[in-house]
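Open the model in your viewer and keep the selection panel at hand. Each stop below says what to select and what is there.

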Amino acid sequence: MKSILARSLFLLTFIILFSACAEKKKKRVLNLPETDLASENMIPKPLRVIPTNKGFALDKFTTIYTSGNSLGFAEVGEFLAKKIKGKTNLDIPVNVDEVPDQEGIIYINQSDSLELNTPEAYQIYITQDSIILNSNTAEGAFRGIQTLRQIIPETSIDTITEYNVWNIPTGKIIDSPNFEYRGSMLDVARHFFSVKDVKKYIDILAYYKYNVLHLHLSDDQGWRIEIKSWPKLTEIGGSTEVGGKAGGFYTQEEYTEIVNYAAKHHIMIIPEIDMPGHTNAASVSYPILNGNGKTPKLYTGMQVGKSTFDTRKDTVYTFIDDVVREISAITPGPYFHIGGDESHVTKKNDYIYFIEKVEKIVQKHGKRMIGWDEIGQADIDSTSVSHFWSSKKNALDAIKKGMKVIMSPAKKAYLDMQYDSLSKHGLHWAAYIPTDVGYKWTPENYEGIPKENILGIEAPLWSETISNIDELEYLAFPRAIGYSELGWSIEENRDWENYKVRLANQAPFLERMDVKYYPSPLIDWKKSKYSYKEIEKE
Ligand code: TNX
């Protein structure tokens, strides 16, 4: 009796499910126009793209399923759904309990396939029925869904059905990054930028598969992070900025909010406290730090290289220990950047002594030290990282010590360099960097630094000449988009003529995100005619 009941219940469930599926399937027999996945405007360009020329219908019947929650895959699925909503206004369910229909599924799947040989590698198989994204880690899945976001057409087809359908090109994408470190730096010291501004910057960086945001948190003109054991740093040192307006700072809670927001975007925050030079704001707050017996004044100009800590005073190292300890405790990533650039008024011996001592402090608090290329002069560990900006000799010295190098050559990768002499903002001490010059260089062998010694590339945005998000975006975009390709795509896949067409097609996205990019005359920017105008925000 029991088993008859069970059997009929099973049958009934099956019939209900079957008819539901049949009902859905009937709606889904769509004759979509031919596509070409290979000519999509993906940036950075994936490693391999194999088109199969059909279409997957993204529409109101699409559902997202992911591997188990504990791995972070469900969050990636939710993120994709939110972004699809922003672009198309579709409400796509994620991991709903219903038995999935065989069609219209986007499956974000944890896979142990050996082909996925780095944490950020992913593969996407798109057929008319489904999209399957395989990756080893949630990080890889997150990079993969950025690719998916990019291949959702700007406009839907509304002539085939009575509802909207976005025709996603079918085929296979096999992808992994060229460099493991792909960063940008934001100087929040010369001018302060709010948590909201930083989050918006993170939104755009994530779309182009960046994985690092380096925050330049202190300089002569401002100290921007709360240190509980040395409160005057922000009370006094954070009170102004270049130009003399009120500055600002992040409380530790606000910094944590940035760290967590970045982590949701699989971006690591690297904090920088610049020393022993670039320390006027710290020494104004605590004059004992500069050791010359003078009480310095707050500085709101743009000159550099006039300040230094007293490298022979114990109090200075007690201070640094507190600062590194407090910041490291709220920074999950493995790195701490100690600046170390342009210490023009620190004697060379003192500079070397200082860097070697600070390296030990950084290591004591469980981090790896990064410093601008000048640190290569000191006797430091192979685990520390040299941040190349100008001196080939310093970078090569670091390599001799077994250190890795981050490539940020000022002549090619500085986002604060003017595009040309007419640029509204920016400096030009290193070069003018038009959009093509920013793209057409080879980090793999720049200045003879061998690829195997390069950790990756970073595009720094110094903020002497910019004081709000619009100005920030004018300098950062479109160039930061090009640096994402230099960091992610292999050299054989990079080509200016091909890139500039893909870049032109970023206009709808940038406009939807309300990014005030510099409309470089080298680019034939696509007129945007996207269907849904809501800003794609959290
Ligand atoms: C050099 S690059 C600096 C910064 C300035 C920048 C302006 C480097 C390590 N130091 O202090 O803001 O030039 O372009």
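The tour goes from the domains to their interface, then to the ligand, and ends with some backbone details.

**Before selecting**

This is a predicted model, in which local features need pLDDT of at least 70 and side-chain atom pairs count only at pLDDT 80 or more, while totals for chains, interfaces and linings use all residues. Residues are numbered from 1 along each chain as its sequence is written, and side-chain values use heavy atoms, with hydrogens and water left out.

**Stop 1: the domains**

Select 2-175 and colour it as domain 1, then select 181-512 as domain 2; these bounds come from an automatic or database domain assignment. The C-alpha centres of domain 1 and domain 2 are 38 Å apart.

**Stop 2: the interface**

Show the residues of each domain that touch the other. On the domain 1 side 24 residues are in contact with 27 residues of domain 2, contact meaning heavy atoms within 4.5 Å. Together the domains bury about 2200 Å², and carbon and sulfur atoms give 54% of that area. Buried area here is the accessible area (1.4 Å probe) that two parts lose on being put together, summed over both. Now pick Ile-43, Pro-44 and Lys-45: they supply 30% of the area that domain 1 buries against domain 2, more than any other three residues.

Which elements give two or more residues to the side of domain 1 that touches domain 2? They are helix H2 (73-88) and helix H3 (138-151), where helices (H or I, at least four residues) and strands (E, at least two) are DSSP runs numbered from the N terminus. H3 gives the most to this side, with eight residues.

**Stop 3: salt bridges**

Two salt bridges cross the interface of domain 1 and domain 2, and the structure holds 25 salt bridges. The term needs a side-chain nitrogen of Lys or Arg within 4 Å of a carboxyl oxygen of Asp or Glu. Select Arg-182 and Glu-120, whose side chains form a salt bridge at 2.6 Å, N to O. Then move to Glu-139 and Arg-143, a salt bridge with the closest N and O atoms 3.5 Å apart. Because Glu-139 and Arg-143 are four residues apart in helix H3, about one helical turn separates them.

**Stop 4: the ligand**

- Arg-190 has a polar side-chain atom 2.7 Å from an oxygen atom of the ligand.
- Glu-464 has a side-chain N or O atom 2.6 Å from a ligand oxygen atom.
- Asp-341 places a polar side-chain atom 2.9 Å from a nitrogen atom of the ligand.

**Stop 5: backbone details**

Go back to Pro-44, in the loop between helix H1 (2-28) and strand S1 (48-58). The peptide bond from Ile-43 to Pro-44 is cis, with omega near -5 degrees. Another cis peptide bond runs from Phe-477 to Pro-478, with omega near 20 degrees; Pro-478 is in the loop between helix H13 (469-476) and helix H14 (479-488). Finish at Asn-89, in the loop between H2 and strand S3 (105-110). Asn-89 is not a glycine, yet has a positive phi of about 70 degrees.

Conventions: A polar contact is a pair of N or O atoms within 3.5 Å; within protein, one must be able to donate a hydrogen and the other to accept it, and residues adjacent in sequence count only if both atoms are side-chain atoms.
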